[in-house]
Amino acid sequence: MKVWPLQFRKLDEDDILFSDDAGAFFRSSEAFLDRYVNNQLTDHDSAFLKLGGHAFDAVGDPAFVGFASRWTQRINPVTSLGYVILVPTLRCNLMCDYCQVSRAAENARGFDWDDEKLAQVIAFLDHQPTTEIKIEFQGGEPLLRLDLLVAVRKFCRSKFAKSEFVICTNLQDVSEDAWRFLEAEDTYVSTSFDGTSELHQTQRTKTASAHEQFNANLDLALERLGTDRVSALPTIDPLNPPEPTDVISAFVSRGLGSIFLRRVNYQGFARKKYGLGKSHQEWTDYYRRFVGALINHNATAEHMIEEYYLSHTLRRILQGGHHNHVDMRNPNWMGVDYLVIDFDGNFYPTDEARMVSRVGQIDLSIGSLNSGLDVQKISAFNQHASNFDDPDCVHCVYKAYCGLDLVDDLSRYGRIDIPRHQTEHCRSHMDFFDFAFELLYSEDPDVHKSIASWLQVPRYNQTMAQRHP
Amino acid sequence: MIQLQLKIDPIPIVEPLVVRLRTSPPDLSATESDHDAMMVSKGTESADFDVNGFSLRVHTRQAESLDGDVVLVVPGRGTLHRLIRASSNHNTLLITEQCDQKCIMCSQPPKKYHRDMFDQFLQAIVLAPREATIGLSGGEPFLHKARLMEFLRKAQTARPDIRFHILTNCQHFEPADEADLNSLNMASILWGIPIYAANPTIHDQIVAKEGAFEILERNLALLGKAGAVLELRTVILKSNITELEELANHVTRNLSFAQVWAIMQLENIGYARMNWETEFCDTSTEFNGVADAVDLAVGRGLRTKLYNFPLCTVPPAYRECCTLSISDWKQKFLPTCDDCELRSSCTGFFEWYPEERGFSGIRAQ
């Protein structure tokens, strides 16, 4: 019998988490680690490893092929471009605290696509080989240029067999024409809602009247589009966070079942001032407190609620696949299936890359509508897009579930080769995975009930969280 | 019950004949063929179809329901077989009745003799409705591997739009078959393969063939590598119900290339009728064995289905897994079902379901 390489991480005294490259995991003891390292596995060990899919007898046997298949399912395949973020205007009618770079004043000139840009965008989309496309409109505030949204959507509907549209809007001013545009079945609204009205007003809408307007529009969106087609994302400042139960009841009262907690992501000057390093622990503590409150809520609730990133992570841990989130996939291909086209026609691999470039920190553009995709720059990115051969990741127990975030590394450190565990992405994800595994191994029936609902299974079967004596 | 055979007045043929019955002119999207037999006259008890100048009288009161059906007429016989019913999603060609296993719940016990009908079946595929899914079953179809592979290659060439659902015990592949398998369009074939336990002894006992599990595992790996789309099928029995969760673990770990796992309730016919008392699990009163297995398999991301489970026998949280698995021609409902709100989404019961010794928890929802 041959055992596939195991990674491990000490969780507690005599309590070690093990995982293999295909993502199967278990908890065991120091004594087992010694036996594993010294090649002294007992028959009992061997039987356990075999049953868990961590070992095989001969190349090509079912255990081998099964492992290979599970490993393959964890690899993000190269696909054709199917998700495009468009920024038809950089102008915005709000001035939110944390938005220093991705907006221009509502009356400013020169921050919108002109006719030529629109024609170029459409020509670019026309050249894509895919039959299915998702277009996300970012800004600025995209509803300020409803005419451009209409033109792009009309083209996509005629060109692609399937197309979907996400409008990232602050829902501040929504004309009747805009409502009718948003009501289409293939169109979704993604808005920001910072969890409580007080906080949202302080951080975003500022005045009571503007806030009232947003509130009414959010309610109207839910009423006219339905809760399935509207998502609201709270941005949280770890140093001044809302009370979790307040956020939860605000979402519940609106019939929203999914909360994606986003930690405020300062750029440039503000990043130095409010530094993430300073708030790392606060964020971790808050996140845990928040999920604890969710679990309490779900214990008795009829309609259960999830934190999106946690559900997504649990699915990645237990099931593999689920390559649809750019913060957690491996390899994290850049400029391949996903592309941002800025208001000026520049291409970026992610929205964060667009922000980082805007503050002049480093130019992460990967071409433009005028010059096409910058193949050289993209391939430079993609030589380092996977954690397979990262000297730190190869030893990590969470390797099979995690991924790299080159843009984040570049934006924070200006380079991608500093020891992984010193990066913010790694530190926050280590904490995050530790927490996810704590939940998976919890004995609390309330936790099980929540996990079942997040995984969309009838019951959480605890044998998925194996222990080996 | 829908009739699969209809009475006819025998016609003077020497070879088995495959034709497509037409009661209305073929629409433009259909493939035209000189194998179309148009209805020329219709009475209350029968209808006459024109087969190349001969009149074929079919005894039926609902001639229109036969429109587009591909039928087989055998020389000297007074019946025709509806090989492919145009209005149904449940069409299966019985390749052979021979089998090398003797599963204790077999619904179609093996017979000794085989009649090669591949030529007729190929003709039937050519005449099938567009984008139909056709089941190939037995017995064990791959006892006639060379002919079957030839049939599949020709059928896929003639009608690339047709999808196949092949039921096989997976005992008859060899490593040398890999090239042959690769020459098929694997994307349009669903392989339905039974596995009854992760414990070789129990599996072998259920299929009554020593060493079957080992061959099954080897060949599943072979099919997996060839990119086969696999539906693993497990009939639950008293012999394997306590092993089901372990099987869920095995399937999600070692057979992780399978796309679907079907957990199936027993069909009271063939050997299953004989072994009903000792093997039927009343999951309407004890569902835990199934529940644990479903929780584990779905939790690990495997699409898991419950076949032949009436909805009222399944706790609400698991009903999403139930499918309309019982073929239309052998499906029935009970008098209790008349008042049930879930009837239209329920698979119902097999025609030969024994109420007096079946589920004890049948009640209208």
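**Rings and cores**

Guide: A:Y309 and A:F432 are both buried. The model is predicted. The ring centres of A:Y309 and A:F432 lie 5.2 Å apart, and the planes meet at 35°, so this pair counts as tilted. The cut-offs matter here: stacked needs planes under 30 degrees apart, and edge-to-face needs over 60. Now place the two rings. A:Y309 belongs to helix α12 of chain A, residues 308-319, and A:F432 belongs to helix α16 of chain A, so the pair ties together parts 123 residues apart in sequence.

A:F25 and A:F437 are both buried. Over all chains, the structure holds 42 aromatic pairs.

Rings also meet charges. The charged end of A:R153 sits over the ring of A:F181, at 3.8 Å from the ring centre. Likewise, A:R254 lies over the face of A:F193, 5.1 Å from the centre of that ring.

Next, the nonpolar cores. In soluble globular proteins, nonpolar side chains tend to be buried together. The largest nonpolar core here has 187 residues. Its members B:F151, B:F164 and B:W191 touch the most other members. Helix α16 of chain A gives the most to this core, with 9 residues.

Take B:W191 on its own. Leaving out residues up to four places away in sequence, B:W191 touches a set of residues including B:F142, B:I166, B:F173, B:L181 and B:M186. Also among them are B:L223, B:A228, B:V229 and B:L230. The list holds B:T168 and B:E231 too.

A second core is separate and has 26 residues. Among them are B:C103, B:A197, B:V207 and B:A212.

Last, a contact between chains. A:S69 is found in helix α3 of chain A, residues 62-73. A:S69 has a relative accessible area of 13%; buried means under 20%, so A:S69 counts as buried. Neighbours within four places in sequence aside, A:S69 is in contact with B:S256 and B:F257.

Key
Residues are numbered from 1 along each chain as its sequence is written. Chains are lettered from A and ligands numbered from 1 in the order in which they are written. This is a predicted model: local features need pLDDT of at least 70, side-chain atom pairs count only at pLDDT 80 or more; totals for chains, interfaces and linings use all residues. Side-chain values use heavy atoms; hydrogens and water are left out. Rings of Phe, Tyr and Trp (its six-membered ring) pair if their centres lie within 6.5 Å; planes under 30 degrees apart count as stacked, over 60 as edge-to-face and the rest as tilted. Buried means under 20% relative accessible area, exposed over 50%, partly exposed in between (1.4 Å probe, protein chains only). Helices (H or I, at least four residues) and strands (E, at least two) are DSSP runs, numbered from the N terminus. A charge sits over a ring if NZ of Lys or CZ of Arg is within 6 Å of the ring centre and within 35 degrees of the ring normal. Contact means heavy atoms within 4.5 Å. A nonpolar core is a set of buried Ala, Val, Leu, Ile, Met, Phe, Trp, Tyr and Cys residues joined through side-chain atoms within 4.5 Å.
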